[in-house]
Amino acid sequence: MTRTKKRPEERRAELVATARQLFSAKGVDQTSVSDIVKTVGVAQGTFYWYFSSKDEILNVVVEEIVEEICNFVSAISQGPKPNAMAKFLKIKNVLFDDAISQKDVLEHIHRAEHVQFHDYLVMEINKRLIPIVTEVIKQGVEEGVFNTPYPEDAAAFILLASQALHEEDIFSQNETMKKRVEAYFDFVVKGLGCKLPIK
């Protein structure tokens, strides 16, 4: 059977998309380079033409997930104007519900051997999301829903706390992520001086 020739950017994108699908379905540790190339239907050498290792393609997958999360949050803040609390609820869903669907990939990046890449991602996420969340908080203050004189600092605390929730080693193993998220959001809205019931 003759392999379909694709442009380099198309083949690279196909390898990344396949790796992401397999990482999510099987887990990062259980997915090998052989699994990726067999699924795509190319030779192992083709993979190494684009990527030096499984870790390199994993980094690309994580950057893609982060880009999607940042774009979703940006779209929520700039879209049709629901109230600030409605926007916060949607942002929470993106930061947690959507991220949990990529749980194995993101947890892998939290390992000690990926500390430099992990720290780089956290810095990039905060650089992009703090200004966006700041504007949502300011909207809430203008609406009389939130009460804080420090919207930018509040946004930074909110995002740093959301990232900490994914650090398994700082929480009791008896707590579920759902319980952590509920506690986090309760703390956030109270810290913002929310004057409305959470719906």
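Student: Why are helix 1 and helix 4 called roughly perpendicular?

Tutor: In this predicted model, the axes of helix 1 (residues 8-26) and helix 4 (residues 54-78) come within 10 Å and cross at roughly 85°. Angles of 65 to 115 degrees count as roughly perpendicular, so helix 1 is roughly perpendicular to helix 4.

Student: What makes the contact between them, and which classes of residue take part?

Tutor: Helix 1 brings R12, L15, V16, A19, R20 and F23, while helix 4 brings K54, I57, L58, V60, V61, E64, I65 and E68. By class, there are nine nonpolar and five charged residues, with no polar ones.

Student: What does L15 touch beyond its sequence neighbours?

Tutor: Leaving aside neighbours within four places in sequence, L15 is in contact with I36, V40, V42, T46, F47, Y50, F51 and I57. L15 and F88 also have the most contacts inside the largest nonpolar core, which has 59 residues. Helix 4 gives the largest share of this core, 11 residues.

Student: Now to T148: how do you know whether it is buried or exposed?

Tutor: Its relative accessibility is 14%. Buried means under 20%, so T148 counts as buried. You will find T148 in the loop between helix 7 (115-143) and helix 8 (151-164).

Note on methods:
Residues numbered from 1 in each chain as written. Predicted model: local features only at pLDDT ≥ 70, side-chain atom pairs only at ≥ 80, totals over all residues. Heavy atoms only, no water. Axes fitted to C-alpha atoms, helices over the stretch in contact; angles between N-to-C directions. Helix = DSSP H or I, 4+ residues; strand = E, 2+ residues; numbered from the N terminus. Parallel < 35°, antiparallel > 145°, perpendicular 65-115°, else oblique. Contact = heavy atoms within 4.5 Å. Nonpolar A, V, L, I, M, F, W, Y, C, P; charged D, E, K, R; others polar. Buried < 20%, exposed > 50% of the residue type's maximum accessible area, 1.4 Å probe, protein only. Core = buried A, V, L, I, M, F, W, Y, C linked by side-chain atoms within 4.5 Å.
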